[in-house]
Each structure stands twice: as structure tokens, then as C-alpha cells.
Amino acid sequence: MQRLHARYPFLSAAREAVEAADVDLVALVQEGGPAVERGVERVRRALLEGTAESEERLSARPELLSYPVARVLVSLVDAPGATEKYARAEAALAQRRFTTDFQEERSLQSGGETLSLQQLLADFDLSGDVRPTGDGRFEVAVTAYLRLSSGLDGEHWRLVRRTLRDGTVPVTSDELETLLREAVRERVADGLPLNVPDPIADALSEEVGRLRTAVADADPPRSFAEFEVEALPPCVDALIDRARDGEDLPDNSRFALVGFLAAFEELDAHDITAVCGFDDPERVRYQLDRLRDDRGVAFAPPSCATMQAYGDCVNKDDLCAEIVHPLSYYARRTEDGEEEVSAD
């Protein structure tokens, strides 16, 4: 098993390496060890922190085998939005890694364990859909562009906002990497949740129990009856101020803001547009349709850890040190925990 496979376990070659090793998954999870421990870490950090990054470096074999273990674990945890959160975290980790690899490739510093752009395109059957234009930019076939950009927020991703030339859409290298991140997310999410055989589920019952407990501890209230501006956490206050000042918030910041406000039953798209000073209620309505279900917020907005990772955790006060999620902050400030709608 190569280090490259361990760094990109969703690749076809990585899957083939696991199959060639003839690993007995039942025996692997029953024995426990580094692969299972890393699989638990992948899921725990993905669901609570928005990253699947390891806190320590493992050899290639346990790192690679932890990926199928993690897919089993996230299927067994069966928490609201778990599959989507896990897939996004794995895709974000992959993007950080291949962005670095592509930079090394361009600077001729590749050490043999890096992934080239052409390798990644080929693995996703995108070689014929992406063509460099020679100026650091690329042209993406419109069908591939529409599929990969469909889950991205931001007006600039809409086809009507792009140049369409001979059936292709010009993109920058950064935009291409974001589209490739979406391709990874689709592949990771494909087939999840798995139908896990009883022997594997039984062997992982303790790990699944710990993960469910961790998720429950960090699971914030999902719905509030009333919106009280004075109870907002500092990070949300700051995002609202930035939006009202006319700043075009990055996608992750806007998602955090709209996702937080989606928890308030009395706020519709026009209300949120007014609160934030947005000029695009239709975009807000689209985001709300994705975030809400009949029980409240189906996908909780980013946790405090994720807000901190993206630089949106600002102006912390004493209560911030006691909570792990902005929605929990609001609940503590208003003592409105009774209003939450169970995510079970």
C-alpha cells in the first residue's frame, strides 16, 4: 500500500490496493488497532470539527484501511446530516492535500508521493472535460461544470454569471480545485449509508456508542421560536455587521450565517435578507430550502471549532469558553432549550 493511496483513499487505485491486500474487514474491526482508531478519529473530527485530518502521522496501511472503517462507522452512527458532513470533511481534506501537490508539481518539487492534476482528472473521468488554456486557467465542459457546481453556494457559480464559450466554461485554477473537491465529495458520499453486516456492527458497537455520545454532546438546539438580537453569539454578530457593511462574504462565512439564522422559525428568506442586508432573497431562499426540514434545521451550521478554523470566531466572551456551537450559545443566553426540536 503506497503513501499516495493512504493520502487519497477514495482513488480507484487505493480501492484496488485494499482489494489486492485481501483484507478481512470483520477480522480487522474485531482486532481493533490503529486502523480502527484512526477510522473513529476520521468520523469524530468530521462530524464535530469539519475535518478528517489526523492528529498524528500513521504508516500507509492503517491510514488507508481507516477509510473503509470510517465509512462503516458513519453509516452506523446514523446521525442527522452525518453522511453529508463526513463527505464534506473528507473532500476538504483532499482539497488541501491536492492543492499542495499541484503546487509542487508546478514547481517541479514532486517527491513521488504527490498526486498530479492529470492523475486526479483521469480517476474521475474528467480528462476530456478539462483543458488548460496555457495562462493558468482552464476550460471545463459545461455538462461537467453544471454537475460539479450544483452544490456550491455563491452567485458566481451560476452558469448565467459565467462566460460560456464553445460548450466550455472558463475557470481559474482555484475554481477548478473547488470543483474537484465537489467531485471528491460526491464519490465519498456515494453509497452511504452502507448496509453493515451484523458481525461488523457488533464488533464496532463500543466505538459507535462513543461517537453517538460525542455527537449528542455537541449537537446544538435546531429550532427557536423567537429571534432575540441581543442574545446572538459574537461570531454571528460580526458576520451580520460585515454583511450589512456590504462585504461579499466568503461561501463558508455566508453558509455559517444563513445556517445559524435558519434555526429561527419566525425568520423567512425576506427576514434574513433584511437582517443581514443582503440583496438576493432568492439565493437566501435556496439556501434555506437546503438547510431546513419539517423539524427545523436539518444541517446544523458550523461548530465553534469550524468557525475558528475559517477565521470567523471573533470577539469571544466568557460564555464562548463554555460552549462548542453558536446555537448552543444562543440557547444559553435565552434559556430557550425547551424550544429545540429533537434531531432524533
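Guide: Helices here are DSSP runs of H or I with at least four residues, numbered from the N terminus. Keep in mind that what you're looking at is a predicted model. Our spot is Y86, which sits in helix α6, a stretch covering residues 82-106. Is Y86 buried or exposed? Its relative accessible area is 0%, and buried means under 20%, so Y86 counts as buried.

Let's hop over to E139, which belongs to strand β2, residues 137-141. With a relative accessibility of 10%, E139 is buried, because the cut-off is under 20%. The side chain of E139 makes a polar contact of 3.0 Å with the side chain of R165. R165 is also among the residues E139 touches, along with D129, V130, R131, T133, T168, V169 and P170, again skipping anything up to four places away in sequence.

Last stop, the cysteines. How many disulfides are there? The count is zero, going by sulfur pairs within 2.5 Å. C235 has its nearest cysteine sulfur in C304, 6.3 Å away. C235 is buried as well, at 9% relative accessibility. As for C304, its closest cysteine sulfur is in C313, and at 6.2 Å that is too far for a bond.

Definitions and conventions: Residues are numbered from 1 along each chain as its sequence is written. This is a predicted model: local features need pLDDT of at least 70, side-chain atom pairs count only at pLDDT 80 or more; totals for chains, interfaces and linings use all residues. Side-chain values use heavy atoms; hydrogens and water are left out. Helices (H or I, at least four residues) and strands (E, at least two) are DSSP runs, numbered from the N terminus. Buried means under 20% relative accessible area, exposed over 50%, partly exposed in between (1.4 Å probe, protein chains only). A polar contact is a pair of N or O atoms within 3.5 Å; within protein, one must be able to donate a hydrogen and the other to accept it, and residues adjacent in sequence count only if both atoms are side-chain atoms. Contact means heavy atoms within 4.5 Å.
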